[in-house]
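Please study the sequence and the structure shown below.

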Amino acid sequence: MQRVVALVCWAFSVWVLLTWTSMAETLLFGAGAAVVVAVALSPLGDVVRPWRLLDPRRLVAAVWLGLVAAGRVVMANLRLSWRIWSPSRPLRSGMVIAATEESSDAGLTAVGLLTSVTVDNQLVDVDRAGHRLQYHAVAVPDGDPEQVREVINGPVERLVARLEYERRGKR
């Protein structure tokens, strides 16, 4: 039952974010759709409970992660705009491999999504066994996979790790 309730919360949150409305009819329809989706998806496995965000440390970490991700998006868009407006700047696009310390499914998903939301880098492949992420980069950073990690995914991984501090055994 907790799994269904958690899925309803997540599905309804997505509905609200997608529709961005406060009309009663739309919210009621979204709540009904969230229940249907939750019941359909609940047999597929466990889900992180949204009320885990009520822990103050986790909430602060989530807000900070959101702010850092938003800042990275803005800065990446400014850099890309500068490249477009100054075509004389050298463009070193290509594929790059970055090391990762993240090993959980949720952590890799969060790091992959949050680093790909910027226009600088797009996650292409995950090598879990080798602890490597492959990106297509607008501007390929210099260095080995460990040095590349500090530029692309390291800052996001550290923030995601703060969110997962109680991951084991507590859902």
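**Exercises on salt bridges**

In a salt bridge (a side-chain nitrogen of Lys or Arg within 4 Å of a carboxyl oxygen of Asp or Glu), the side chains of Glu150 and Arg158 come together at 3.2 Å, N to O. This is a predicted model, in which local features need pLDDT of at least 70, side-chain atom pairs count only at pLDDT 80 or more, and totals for chains, interfaces and linings use all residues. Residues are numbered from 1 along each chain as its sequence is written, and side-chain values use heavy atoms, with hydrogens and water left out.

**Exercise 1.** Determine which residues are joined with Glu150 and Arg158 into one network.

*Solution.* Step 1: Glu150 also forms a salt bridge with Arg149, with 3.0 Å between the closest N and O atoms. Step 2: salt bridges that share partners join Glu101, Arg149, Glu150, Glu157 and Arg158 into one network.

**Exercise 2.** State whether Arg149 is buried or exposed.

*Solution.* Step 1: buried means under 20% relative accessible area, exposed over 50%, and partly exposed in between (1.4 Å probe, protein chains only). Step 2: Arg149 has 4% relative accessibility and therefore counts as buried. Step 3: Glu150, at 40%, is partly exposed.

**Exercise 3.** Identify the salt-bridge partner of Asp105.

*Solution.* Step 1: the partner is Arg128, and the closest N and O atoms are 2.2 Å apart. Step 2: Asp105 is exposed, with a relative accessible area of 53%, while Arg128 is partly exposed at 44%.

**Exercise 4.** How many salt bridges does the structure hold?

*Solution.* The structure holds six salt bridges.
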